[in-house]
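Trainee: Please show me how to read a protein structure, one feature at a time. I would like to begin with strands and how they pair.

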Amino acid sequence: MKRRFTLPALTVAATAAALTVGVSPASAHGYISNPPSRQAQCAGGAVSGCGDIVYEPQSVEAPKGSMQCNGGGSRFAVLNDNNKGWRATSVGQSVTFNWVLTARHSTSTWEYFIGNTQLASFNDGGAQPGATKSHTVSMRGFTGRQTVLARWNVADTAMAFYACVDVNIGGGTTTPPTTPPTTPPTNPPTTPPTNPPTTPPTTPPTNPPASGTWRAGVAYQPGNVVTYNGRSYTCRQAHTSLTGWEPPNVPALWAAN
Ligand SMILES: [Cu+2]
């Protein structure tokens, strides 16, 4: 899984260069695209009424140390609203979180929490990530609907990037002896109807055609083929397209055919 997203150094350099031109620095950072984070759901149109986050899901940047989905900053408070209708992705006992990074900030750690419990921490020791990053994290000890808070701690600034991902852990599988077999008491969303995204990667409403003209706001999947300015490109990683992320600008996401 991890391997699939490893990209040649050359591509990464090209991406950074392209983004300098195509996207303003203020909007060039990163977010979890899959399973779709709250900001990804806003950007993809799965959840509406999100405000400005739809234009820059990668910009949830705030000082380190917050436990809030928006990082406790002044922007994007909508991400903290648990009643917003976020879709929970059905997952097993471990989840691979995939980041799309539009700026390769040198990194201290990547952290994952449910509530106040730290699920995992990955120490990059100040290294620069590639254009994408993925971590597989155990959900051990948790079942049902949960919100995972991810923090990308930048090494050389006081800032971090935040992403909340709603998941439904262990859909039908198991339950420890602590749970009574008959009723699933406090976990309403264990019933299928509330979990539309049973398909693996990104889910949003806009399913891209097998081929067609590239558009913003579409949840593209690996293998999707689009045309842009008369050229054909194949999607390399699941992501929701954004203005500024046209295929020639982001070779990490699109391979020219
Ligand atoms: Cu940045």
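Mentor: Helices (H or I, at least four residues) and strands (E, at least two) are DSSP runs, numbered from the N terminus, and two strands pair if DSSP finds at least two bridges between them. Take β12, residues 231-235: this strand pairs with β14 in the antiparallel sense over three bridges. Within that pair, Tyr233 stands opposite Ala256 of β14.

Trainee: What should I know about the model and its numbering before I go on?

Mentor: The model is predicted, so local features need pLDDT of at least 70, side-chain atom pairs count only at pLDDT 80 or more, and totals for chains, interfaces and linings use all residues. Residues are numbered from 1 along each chain as its sequence is written.

Trainee: What is the mean pLDDT of the protein chain?

Mentor: pLDDT is the predictor's confidence in each residue, from 0 to 100. The mean for the protein chain is 79, and 73% of its residues reach 70 or more. Over residues 1-27, however, pLDDT is below 50, and residues 172-205 also stay under 50. Where pLDDT is low, the predicted coordinates should not be read in detail.

Trainee: How many helices and strands does the protein chain have?

Mentor: The protein chain has two helices and 14 strands.

Trainee: Is β1 largely enclosed or open, and why?

Mentor: A residue is buried if 20 or more other C-beta atoms lie within 10 Å of its own, exposed if 12 or fewer, and partly exposed in between, with C-beta atoms placed from the backbone. Five of the five residues of β1 are buried, so this strand is largely enclosed by the rest of the structure. Over the protein chain of 257 residues, 42% count as buried.

Trainee: Which residues have the most contacts inside the largest nonpolar core?

Mentor: In soluble globular proteins, nonpolar side chains tend to be buried together. A nonpolar core is a set of buried Ala, Val, Leu, Ile, Met, Phe, Trp, Tyr and Cys residues joined through C-beta atoms within 7 Å. The largest one here has 54 residues, and those with the most contacts inside it are Tyr31, Ile32, Ala150, Tyr162, Ala163 and Val165. β9 gives the largest share, eight residues. Two residues are in contact if their C-beta atoms, placed from the backbone, lie within 7 Å. Beyond four places in sequence, Tyr31 touches several residues, including Pro57, Trp99 and Ala163.

Trainee: Which backbone features stand out at Pro35 and Phe76?

Mentor: Most residues other than glycine have a negative phi, and most peptide bonds are trans. A cis peptide bond joins Asn34 and Pro35, with omega about -5°, and Pro35 lies in the loop between β1 and α2. Phe76 has a positive phi of about 65° although it is not a glycine. Phe76 is buried, with 25 other C-beta atoms within 10 Å, and its place is in the loop between β2 (61-63) and β3 (89-91).

Trainee: Is Asn229 buried or exposed?

Mentor: Asn229 counts as exposed, with 10 C-beta neighbours inside 10 Å. Its phi is also positive, near 50°, and Asn229 is found in the loop between β11 and β12.
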